[in-house]
Amino acid sequence: MVFAIQEINDNTTLLPNITLGFDIHDTCSYDSRTLQECLDFLPISDDTCRPSALSCSNNADWKAPVVGVVGAQRSASSVLATTLLGQYHIPLVSYLSTSDELSNNLRYPYFLRAVGPDSYQVKTIVDILLRFQWTYVAFINSDDTYGRSARTEFDTLADINGICVGYSKIISQSYSAKMYDNLIQELVDFQGGSHASVVILFAHQENARMMFSATTRMRATRRFIWIGSDGWGNYGKDAVNEGDEEAALGAFTIAPESESLADFNIYFQSLNPDSSNNPWLPKFNTTKLNEQSSHETLVMDSVFAFAHALENMRVDLCPTESTGLCAEMQPINGEVLLTHLLNTSFTSLVNGDISFMPNGDVLGRYSIRYLNFTDNAYNFVKVGKWQNDVTLEENITWYTRNEMGSDAPISVCSKPCQTGEIKISFDHACCWTCSECEKHEYVLDKRHCQSCIDHDSKTFGWPDENRTSCVKIPAGYNGWKAPVVCLASLGLIFTCIIVGLYAYKRENKLIKASSREISYIMFIGIFLAYISALLLVIHPTTGVCYLLRILSPIATSFIYVSLAVKTTRLFRIFRASMKSAKRPRFIRPKTQIALIVGLTAIPFIWTIIWIVLNVPEVSGAMPQGNQYYLEITCSHSDQWTYGLIVWNMSWVLVCTILAALTRQLPENYNESKFITFCAFCSLVVFLAFSSTFLAISHDNAYSIAGYSALGLIVNTTVVLFSLFVVKLYAVYFVQIEKWNVQRRASASVSSISKRHSNGISNGGFASESPDGDAPEVSGNGRVSSRSRDYSIRMNHPGNNNSDFAAENLSEPRDNSDSRAGTSSRTSNDFDSNLAIGESRMGESNLTDDHNRKHKSLELINEPSLSNDMEERRPASLVMLNDLDIKKRKEFPYNRSDSALSINSIHELPSEIEISAAENV
């Protein structure tokens, strides 16, 4: 302070012709002493004595009025001093009082300082903690405004930055050594229950000394990383007693930034304690000058602040005076001086620009020092600084136990969680246990996992390597794809071959008799079915899904609706021929095709509706739960699927029922044996695959698609072989003369009703339509046939050579001709030709009460059996090529209109064996 005043008085441009004086008092770091010393600074009147004077009679006791005060160092002392001095409008500028309480300009309007408040110092400490990721610390502060305000500010900033105080303590000046020992033991216990190693000591020099001495006594050296405030950091090594350096080794201290002034060092070294009037100089060891923090320049800045404020005040109040004080400045008005102080800005001798904020604070600037051990000596070395942000050296040597080296020690309540783990917090936000997220989850934030899989929205992902986001899961291998593609491709190739062979022989009688138009529609359905099977297992796209949704119902409808319509047509034809001579309606091919297309339109419309309501799209499923395996197929609606299954099952049941009803019809027309086989097989396949389909979980996308495809392939192949392959085999590999095969059926006939008189015997047989496509009813109400041969052998004892032969007629003859050509014969004369007419449904026997099936025979007597029998055409619709009565016996019969009607055949002692030759 003396050096600064001398510099100002020697300056001709700053306060010219004005000399500043000084009066220095020592507070001895006691608050009560501060008040006592401040009494000397209070203004006095001319007729009164100064409060500190015993007498005013001696003019030598008079002093010039005090215009301002520099100090104190401690915040508590400054609070008392500015409270007292402010009552007399005396400004106070402190060089080291940093308490945030003093920033309240309403309570302390006359307080200013050349150092930043503790809020900046606390911010510096927080930035150091964040720099090394120390989030769990102990905080010990002094029991005064300096320590309490710092703790309040630290709690605020710590909460914002995620730093927790696991242990806190307030120490007072009255703490004993035993109490400090207990405090250190508590710190050791605190450290043992966590991974904390940082202790913030926001206190004064004497507190620090007691703390490190207790640490040494408790053998807790190198266990903690101390972070000290400027309350003891300003003193450097003087804050640590000799012999306790190991306890403080590795400590960080915060001190206001102030550079050393070389001119002052020279001046100070030149002082002679013996010749100086400075009463404190003999007590000061000049050898420690370089070890001190250079806060003397902050004192200089405080003195220069008053000087510049007085200069500005002089210029404003004494514009006509170039030097000295004018009358307006005598005496100095403290309120006017305070205004000029707040508006003062100047350049420090070494510390840069100085300016005050409205509350009297300045921006904080701090040096960060570290107690190091190098060259067998303990020294505080500067390792960083803070000015709005912290800057630290990288090569810091750490001294804490078991962690000595270049890596910074940790100070946390719980160790950081590993990749893919979240924190489960306890009492403190900084204390937690780590819980691993599920394999399908990523870490959303420190305390929450988020699944990459959302079944509701059909979102399927998997955490990336760092478990911080999701990536798409590639589609898994479809094990159904290879076999289904192979089978469906073979089916398509084989179907092409069958269609080609079928078309090549389209004029063949057997092909024409099988309703070619309906057959071609079934071929289309077979093609579409195989294609649908392929679409079910290939890689799905939106187009594939649309195509699959449309083709699948059309394919099955074309197959089974066509088969049902074909079977129904034949059933109606033969059923109508038994009741009436009228031709059944709607049996023409065009009508049948229109009916098939109309019925197929029903599932097509159903599909279009569901396409609108439920748009086809590619969807995924995870059948193995939340595992890294995804199956991608086309989405399907349960309603649409169940509706399609019911539709297909209904038609398969219809085909099965009709096949059962037509099993007795002439097989060369309705292919009853093969239709029955096809229908029953299709029913079994549908039941088997539908039940399996419904039992499979929706998440098994590949299995659902695979079973559906396999079911389509099996059903389609059954239809292809049952209805077309066997027919083509007969066309290509069986000679036409071998088409007729014998079918022997033994029938025990008990009685024969009067079918002839009732017209039943005239039911006739179905004949091929002119275009060769299907049987039609003849004009006389009979169903005619040109290609059916029957060989009837009647076994009778006594005659082994009585054969009756007949052959098919190219053109049926009128019944009158038939009757004219008959002659009477006795019951023993069975050597003549007989024409035996068989009714279409006449393979059943009737009991006497007409409840049993019966066989009605019409025997027509031919005049004779000559050698030119081939030229003579009997009038019956069907001629017997071979009739051998193995056993003869007289039995009564009546002749009616040249025709023999057997009234009673139950009197025959032996059976009549009927063998029928018919087309395959």
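Colleague: In which sense do strand 14 and strand 15 pair, parallel or antiparallel?

Modeller: This is a predicted model. In it, strand 14 (residues 421–425) pairs with strand 15 (residues 432–436) in the antiparallel sense, over 5 bridges. The two strands form a hairpin, with 6 residues between them.

Colleague: Which residue is the bridge partner of Glu-421?

Modeller: Glu-436, in strand 15. As for side chains, in a regular strand they alternate between the two faces of the sheet.

Colleague: Now helices. How do I read the packing of helix 15 and helix 21?

Modeller: Two packed helices are described by the angle between their axes and the distance between the axes. Here the axes of helix 15 (residues 516–537) and helix 21 (residues 701–733) come within 9 Å and cross at roughly 155 degrees. Angles over 145 degrees count as roughly antiparallel, so helix 15 is roughly antiparallel to helix 21.

Colleague: Is the crossing of helix 15 and helix 21 left-handed or right-handed?

Modeller: Left-handed.

Colleague: Which residues meet there?

Modeller: Helix 15 contributes residues including Met-522, Phe-523, Ile-526 and Tyr-530. Among those they face in helix 21 are Leu-712, Ile-713, Leu-720 and Phe-724. By class, the contact has 16 nonpolar, 5 polar and no charged residues.

Colleague: What confidence does the chain have?

Modeller: The average pLDDT is 74, and 73% of the residues score at least 70. Confidence is highest in strand 6 (residues 198–202), at a mean of 96, and lowest in strand 28 (residues 834–838), at 28.

Colleague: Where does pLDDT stay under 50?

Modeller: Residues 740–920 are one such stretch, with 403 contacts beyond four places in sequence. Residues 289–293 also stay under 50, with 6 such contacts.

Definitions and conventions
Residues are numbered from 1 along each chain as its sequence is written. This is a predicted model: local features need pLDDT of at least 70, side-chain atom pairs count only at pLDDT 80 or more; totals for chains, interfaces and linings use all residues. Side-chain values use heavy atoms; hydrogens and water are left out. Axes are lines fitted to C-alpha atoms, for helices over the stretch in contact, and angles run from 0 to 180 degrees between N-to-C directions. Helices (H or I, at least four residues) and strands (E, at least two) are DSSP runs, numbered from the N terminus. Angles under 35 degrees count as roughly parallel, over 145 as roughly antiparallel, 65 to 115 as roughly perpendicular and the rest as oblique. A crossing is left-handed if the near helix is turned anticlockwise from the far one by less than a right angle, and right-handed if clockwise. Contact means heavy atoms within 4.5 Å. Ala, Val, Leu, Ile, Met, Phe, Trp, Tyr, Cys and Pro count as nonpolar, Asp, Glu, Lys and Arg as charged, and the others, Gly among them, as polar. pLDDT is the predictor's confidence in each residue, from 0 to 100. Two strands pair if DSSP finds at least two bridges between them.
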